[in-house]
Amino acid sequence: MQKEMVCIVCPIGCNLKINLDENMAICEVSGNTCPRGDAYARKELTNPTRMLTSTVKIEGAQYERLPVITSSDIPKPMMKAVMQQLRHVVVQAPINNRDVVVKNVCGLNVDIIASRTMK
Amino acid sequence: MRTYDLVVIGGGSAGLAAALAANDSGVKDILILERDKELGGILQQCIHNGFGLHTFKEELAGPAYAERYIDLIKKQEVEYKLNAMVTHLSDDKEIEYVTPTEGYVHIKAKAVILAMGCRERTRGAIAVPGFRPAGIWTAGTAQRYLNMEGYMVGKRVFILGSGDIGLIMARRMTLEGADVLGVAEIMPYSNGLPRNIKQCLDDFDIPLFLSHTISRIEGRNRVNQVTIKQVDEKMKPIDGTEKVFDVDTVLFSVGLIPENALSEEAHVTLHHRTKGPIVNESYQTNVKGIFACGNVLHVHDLVDWVSLEGAKAGKSAARFLKDELHQEGRTIEMVAGDGIGYIVPHIVNPDNITVALECMFRVTRAVKNVALAVYRDGELLKTVKKVHLAPAEMERIMLSKDDLKGCQSNIKIQISEVK
């Protein structure tokens, strides 16, 4: 059986073709122009993950919201739960870029970190 | 009147890179004029990931990318003014600006770099029929409200236009709890990157209606309904294909236009296709000493190319100030052939090329397995194979000093069949 998908690792967006055997195990990935495409296809079919970016409330700063990012990719089905947790987070200025805003969010061993300095 | 060596108008990604490069090239009397309350430009509201793959070899969120440049500007002690709105620029490089602390200020510059960026096309620009209630936004404005000011602009959303900003806002609004009912695109293909279709729409089961446009907006005070219609190949709406959505918000992501009000005041000639200045290999406009870079010159797809272009304009301005830029001599015209919308730079003085010339351009149609052919004075110089080309993505070709040697009148780039 063959599956097709678009690689989302970089802006090129390769069209990937994945050959699966009768047990739905991955035999071969083609269409990728770099090794990251191969790894992405295997992960996307077994445990799809995404980097998550959002904002949290910040007090005493020049803006109302502080942009944040996950320290690494998280399982796709967990995005909603993480967003839910971020809804209740309030931080105080000043914040430095890369400061940890939430440690080990939703028990995923991933931190939520600031993606800018805000005073 | 205070005279600066170099004034950079706009402190976004183009202006910051330009000022830094000029500073590195020995220009020490620089002023950046930024109208917002901080440097960084549009990057500050682009909180998503993926910036800097080429510049920094890593993927950063927009604000983090901006911060790298802002830190360097501060470290190098390049002067900048915030909340500074430039109200006038003349062709003899006199600049008027206003700030809340200084009031009205009149200065002069030996060189100017235009880095004002671009503006979003609005509902008015594409004349959508219906009422004009509240709840209708350009996608970028909604993005700033949501990501910086802390306002959610609506709960049931329809988006017109499948450019990257529209797609990214579809995901962002969904993650924040809104129902995004669909994205309509008048073209038969999306103008966004394939990865954004996947991770912004498909991931959240948001439907994309290709060859569709909004035919009616309803609502007296607040928008309450949109109707979309399929369009034929001439983009005319087809009766009987209506789909109706109950919404409280409509976002428009229907293109960007370079912001050239100041350029026009300074008698800078604009290009009919890019809507930005016509520039030469040094990113100099027709007005000597006025340079342009970034989205004010032509709308880019990746910030990395904006930074690169800004740096080149900054270096050129430094050469101009040291009187090292050849203003006379032969001129090669860059010709956009079949399938090419435009090429930047538009004209080339080969005497100013030190190593190579980077040509940036966009194609006018989506094609697969073709070649880009480069002609010198009508003779084939080289071809570059391309697996896929799309209008949404900027293309680049490098021409060496040797490639340009002996060229008498023009270089043409066009799409051709692969032999």
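Author: Chain A has an accessible surface of about 6,100 Å², and carbon and sulfur atoms hold 51% of that area. Accessible areas come from the Shrake-Rupley method with a 1.4 Å probe, and for residues only the protein chains shown count as cover. The model is predicted: local features need pLDDT of at least 70, side-chain atom pairs count only at pLDDT 80 or more, and totals for chains, interfaces and linings use all residues. Side-chain values use heavy atoms, with hydrogens and water left out.

Of the 119 residues in chain A, 43% are buried, meaning under 20% relative accessible area (1.4 Å probe, protein chains only). The side chains of chain A include 15 positive and 11 negative ones, and the centres of these two sets are 8 Å apart. Lys and Arg count as positive, Asp and Glu as negative, while His and the chain ends are not counted; the charge is placed at NZ of Lys, CZ of Arg, CG of Asp or CD of Glu.

The C-alpha atoms of chain A fill a box of roughly 55 × 25 × 15 Å along the principal axes.

As for packing, a nonpolar core is a set of buried Ala, Val, Leu, Ile, Met, Phe, Trp, Tyr and Cys residues joined through side-chain atoms within 4.5 Å. The largest one has 68 residues, and those touching the most other members are Leu6(B), Val7(B), Ile9(B), Leu89(B), Ile95(B) and Leu114(B). Apart from that core lies another, of 23 residues, including Tyr63(A), Leu66(A), Val68(A) and Val105(A).

Conventions:
Residues are numbered from 1 along each chain as its sequence is written. Chains are lettered from A and ligands numbered from 1 in the order in which they are written. Buried means under 20% relative accessible area, exposed over 50%, partly exposed in between (1.4 Å probe, protein chains only).
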